[in-house]
Amino acid sequence: MDVQDLVGIGFGPSNMGLAIALKEDFASQTAGRKLIFLEGKTTHSWHHPMMLPNAKMQISFMKDLCFLRNPASAYTFVNYLHQQQRLARFANLRDFNPSRKEFDDYLRWVACQFSDITRYASRVEAVLPVEHRGQVTHLDVRVRNTLTQDMSTLRTRNLVLAIGGQPVMPVKYEHPHVFHSSSFLQRITQYDNSRPQRFMVVGAGQSAAEIYQYLIDRFPSAEVRVVCSGIGFKQADDSAYINEIFDHAMVDRFFNLNERERSALLSRHHDSNYAVADLALIEQLYREEYEASIGDNRQRFGMLKFSRLISLSHDQGIHAQLRSTLDGHEYSYEADVVVFATGYHRRQNHTLLKAVSPWLAGSEDQPRLTRSYTLATHESFAPRIYIQGMSEATHGLSDTLLSVISRRSHDIARDFVEQSTMQPVHQEPVL
Ligand SMILES: Cc1cc2nc3c(=O)[nH]c(=O)nc-3n(C[C@H](O)[C@H](O)[C@H](O)COP(=O)(O)OP(=O)(O)OC[C@H]3O[C@@H](n4cnc5c(N)ncnc54)[C@H](O)[C@@H]3O)c2cc1C
C-alpha cells in the first residue's frame, strides 16, 4: 500500500498555514515527500454561514497565514492585494481589519495555489492504528468522498488534525426552527421577512451581536430578543497591552506554566476573546434599541437580561424556560425561531482519534500535548499526530485564532521534517 509522509485533516487556515510553511521554509527537506490535505467541503469556504453583510475581521491583516513569520512570503495578504490590483486602494481605507468577505477571498487565493496537495469532498471518518509485531507503525485514514459516498483509505506515517470547532448547543433540542449560528445563513433564508416572526438569539458574543443586528435590519416586522446572562453585550478588550496575550511569544511562557497557573491566566483574559463583542457594533445596537423606544410602539427588539435558557419545548411556538441569573426566578418566553450563538468546543480526543486513544498519554479527556503540538504517545506508537487549534489549555488563548497560525505552522513543519524519519518518535519531554 502506498504510504504518505503526512496527511492533514481539514484545509482551513491552520493547515493552509502549514502547507505554506512546508513549501517556503522547508522546501528542500520536503522535496519528494508525500503530503496530502483532506478537506470535507467540496470547495474552499471560510465560515460562510456567518458571512453577514459588512462583517469585518477582528484581527489585523498582518496576522494572516504567514506575514508575522515571513513578511516576504509569496502568500501574504499584502501580496494577495497586490495580485488583485487593490493594494493602493486598500491602503487608502486606512483600516487594518479587512472585511470577512475579503479575507475569505484571500484564503481561497491561497488554497488554489495548493491544489496539487489538497483533496476536497474528502471527509475523514476515522483514524485507525496499523500494528506490526506489537508496534503501531502507521495510521490508516478512512475517507468518505462526500459526492459519491465512496470510502477509501490513506496510509500515513504522520497526521495533522486541524478540523476547527464543533458547535455548542447548551440546551439540546431537535426542532426545525432551532439551530446554531454555524448554519445561520443557510437556515435563515427559509423565513419570509415580511411576516411577523419571533426570534430568540441565545448568546452574548460577537456572533450573537451580529445575528441580532442582521435580524433587526432584515426582518422589520419581527420581534427579536437576545438571551444574555449579564446586563448586555460586553466590549472585547482589544487594547494594545491586552493584545499581547495573542502574541507568539506568549506561547512559550504559557506552556511553561503549571496547570493551575495556566487556568488562572486563561480566566483572567477570558474576556479578550469569549462572550464579548466589538465596541462599534455594541454602540450601534444600543442606539438602535434607543431609537426604537421613542414613541408608543411596543419595543420590537431588545435583550432578555440576566437570563439563562434552561429548557425548550414546543406546542404552537417554541416555549423557552428561562432562569434569572440574579435571583433564580423562572419565567418563559415564546418564540418561533431560536438561534444559538453559543460558540464551539474543540476537543483533542475528538471521535476521529478514538481508535488510537489507548496509545495516547494523559487522560482520555485530556491527552498530553508537547510544545510542538504532537500528542504524547506510548513507546509502541511510532506515528506522530499533530493537533492544531485545540490546545488552548496548554498553549494559550491565541490557539483557536488566526494570531499564531504563521508561527505555529513553522513549529509543526520544523518538527515534522526533523522527526519524520526517526522511529519511534514519542520521547519529547512533556509537562
Ligand atoms: C464567524 C467566525 C468568525 C471568525 N473571525 C475570526 C477573526 O476575525 N479572527 C480570528 O483570529 N479568528 C476568527 N475566527 C476563529 C476561527 O477559528 C479561525 O479564524 C480559523 O478559522 C481557524 O482555522 P482552522 O483551520 O483551525 O479551523 P477551521 O477554519 O474551522 O477549518 C477547519 C476545516 O476542517 C474541515 N473539516 C472538519 N472536519 C473534517 C473532517 N472530518 N474531514 C475533513 N475535513 C474536515 C472543515 O470543513 C474546515 O474547512 C472566527 C470564527 C468564526 C466562526
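**Strand pairing, domains and ligand shell in a predicted model**

Strands β14 (residues 307-314) and β15 (residues 318-324) pair in the antiparallel sense over seven bridges. Strands (E, at least two residues) and helices (H or I, at least four) are DSSP runs numbered from the N terminus, and two strands are taken to pair if DSSP finds at least two bridges between them. Within this pair, L312 has A320 of β15 as its bridge partner. Three residues lie between β14 and β15, and the two strands form a hairpin.

The structure is a predicted model, in which local features need pLDDT of at least 70 and side-chain atom pairs count only at pLDDT 80 or more, while totals for chains, interfaces and linings use all residues. Residues are numbered from 1 along each chain as its sequence is written.

The protein contains 13 helices and 19 strands. Its C-alpha atoms fill a box of roughly 75 × 50 × 50 Å, taken along the principal axes. The radius of gyration is 23 Å, which agrees with the value near 22 Å that a compact globule of 431 residues would have; this radius is taken over C-alpha atoms, and the globule rule is 2.2 Å times the number of residues to the power 0.38.

An automatic or database domain assignment divides the protein into domain 1 (3-165 + 346-419) and domain 2 (167-236 + 274-343). The centres of the two domains, taken over C-alpha atoms, are separated by 33 Å. Seven residues from domain 1 and eleven residues from domain 2 take part in the contact, where two residues are in contact if their C-beta atoms, placed from the backbone, lie within 7 Å. On the side of domain 1 that touches domain 2, five residues are nonpolar, two are polar and none is charged. In this classification, Ala, Val, Leu, Ile, Met, Phe, Trp, Tyr, Cys and Pro count as nonpolar, Asp, Glu, Lys and Arg as charged, and the others, Gly among them, as polar.

Strands of a sheet pair through backbone hydrogen bonds, either parallel or antiparallel. Strand β11 (residues 198-202) runs parallel to strand β17 (residues 337-340), and four bridges join them; V202 has F340 of β17 as its bridge partner.

β1 pairs with strand β7 (residues 151-156) in the parallel sense over two bridges, and the bridge partner of V3 in β7 is R155.

The ligand has 28 residues around it, of which G10, G12, G40, G164 and L401 come nearest; a residue is near a molecule if its C-beta atom, placed from the backbone, lies within 6 Å of it. This shell has twelve nonpolar, 13 polar and three charged residues. At least two shell residues come from each of α1 (13-25) and β5 (122-132), and α1 gives the most, with three residues.
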